[in-house]
Amino acid sequence: MALRLIGLALKQSLPKTQLGGIASVHTLEKIGNRDIVGYGWNGTACYADRVDYPMPAVRFKENTPEVLALREKEKGDWKKLSLEEKKALYRASFCQTFAELQAPTGEWKQHIGFALIFASLGIFICIWMNVFVYDEMPVTFDEEHQKAQLKRMLALEVNPVTGLSSKWDYDNNRWKN
């Protein structure tokens, strides 16, 4: 509460650039009637539920008369607070519990869904291109023409040092072991 009063005093007296470590004017307008209770995970007065940084800089809910009455009551003996009042105090400061933060969200289903959509789109494009874009395969791709081309390459002794002809035994007419 003290930081909020200081921030409001600075808001009226200093330009925006001189606010420095205190929450800026823009931030104070955004958080409304909520208490700044700490530094926060990035140094700004914002609320974020994070397991790795469990103490946000501002409280989750704005100050209402009910919450303020509970905060006054919590300054006394906590044994006099009912379980519902303790939960209301917790929910005024935090949006979720650790169990709620760590609960599975099911977001993986969305990622798998998008991956399957893109995969099916890719398959559809391949089929469409084979049907409507590409011509038929040339006749030289059938097995008969490939065997004829291999015989011609061996007859011309193509690349005799390290290539195909180096693996053919011309004396016995068979492949070398």
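Does Phe94 count as buried or exposed, and at what relative accessibility? At 17% relative accessibility, Phe94 counts as buried, where buried means under 20% relative accessible area, exposed over 50%, and partly exposed in between (1.4 Å probe, protein chains only). The model is predicted: local features need pLDDT of at least 70, side-chain atom pairs count only at pLDDT 80 or more, and totals for chains, interfaces and linings use all residues. Residues are numbered from 1 along each chain as its sequence is written, and side-chain values use heavy atoms, with hydrogens and water left out.

The secondary structure consists of seven helices and two strands; helices (H or I, at least four residues) and strands (E, at least two) are DSSP runs, numbered from the N terminus. In sequence order the pattern is α-α-α-α-α-α-α-β-β. The chain has 177 residues, and 20% of them are buried. Its accessible surface is about 13,900 Å², with 61% belonging to carbon and sulfur atoms; the areas come from the Shrake-Rupley method with a 1.4 Å probe, and for residues only the protein chains shown count as cover. Among contacts (heavy atoms within 4.5 Å) with a separation of 6 or more, 33% are between residues 24 or more positions apart.

Val37 is placed in the loop between helix 2 (25-31) and helix 3 (65-74). With a relative accessible area of 44%, Val37 is partly exposed. Beyond its neighbours within four places in sequence, Val37 is in contact with Pro56, Ala57, Val58 and Arg59. Ser93 is 56 residues from Val37 in sequence, and their C-alpha atoms are 9.6 Å apart. Arg50 lies over the face of Trp41, 4.0 Å from the ring centre; the criterion is NZ of Lys or CZ of Arg within 6 Å of the ring centre and within 35 degrees of the ring normal.

The aromatic rings come next. A pair of aromatic rings is described by the distance of the centres and the angle of the planes. The structure holds four aromatic pairs; rings of Phe, Tyr and Trp (its six-membered ring) pair if their centres lie within 6.5 Å, and planes under 30 degrees apart count as stacked, over 60 as edge-to-face and the rest as tilted. One of the four pairs joins Tyr90 and Phe94, which are tilted at 35° between the planes and 5.0 Å centre to centre. Tyr90 is partly exposed at 31% relative accessibility, whereas Phe94 is buried. The planes of Trp168 and Trp175 are at 80°, with ring centres 4.9 Å apart, so this pair is edge-to-face. Trp168 is buried at 15% relative accessibility, and Trp175 is partly exposed at 38%.

For residues 112-134, an unreviewed UniProt entry lists "transmembrane region"; UniProt positions are in the numbering used here, feature names are shortened, and annotations may be inferred rather than shown by experiment. The span is 96% helix and 0% strand, and its end C-alpha atoms lie 31 Å apart.

Helix 7 (residues 143-155) has 13 residues and reaches 18 Å from its first C-alpha to its last, close to the 18 Å expected at 1.5 Å a residue, the expected span being 1.5 Å times one less than the number of residues. Just after helix 7, Glu157 takes a positive phi of about 50°, although Glu157 is not a glycine. Glu157 lies in the loop between helix 7 and strand 1 (168-169) and is partly exposed at 44% relative accessibility. Asn173, also not a glycine, has a positive phi of about 50°. The loop between strand 1 and strand 2 (174-175) holds Asn173, which is exposed at 56% relative accessibility.
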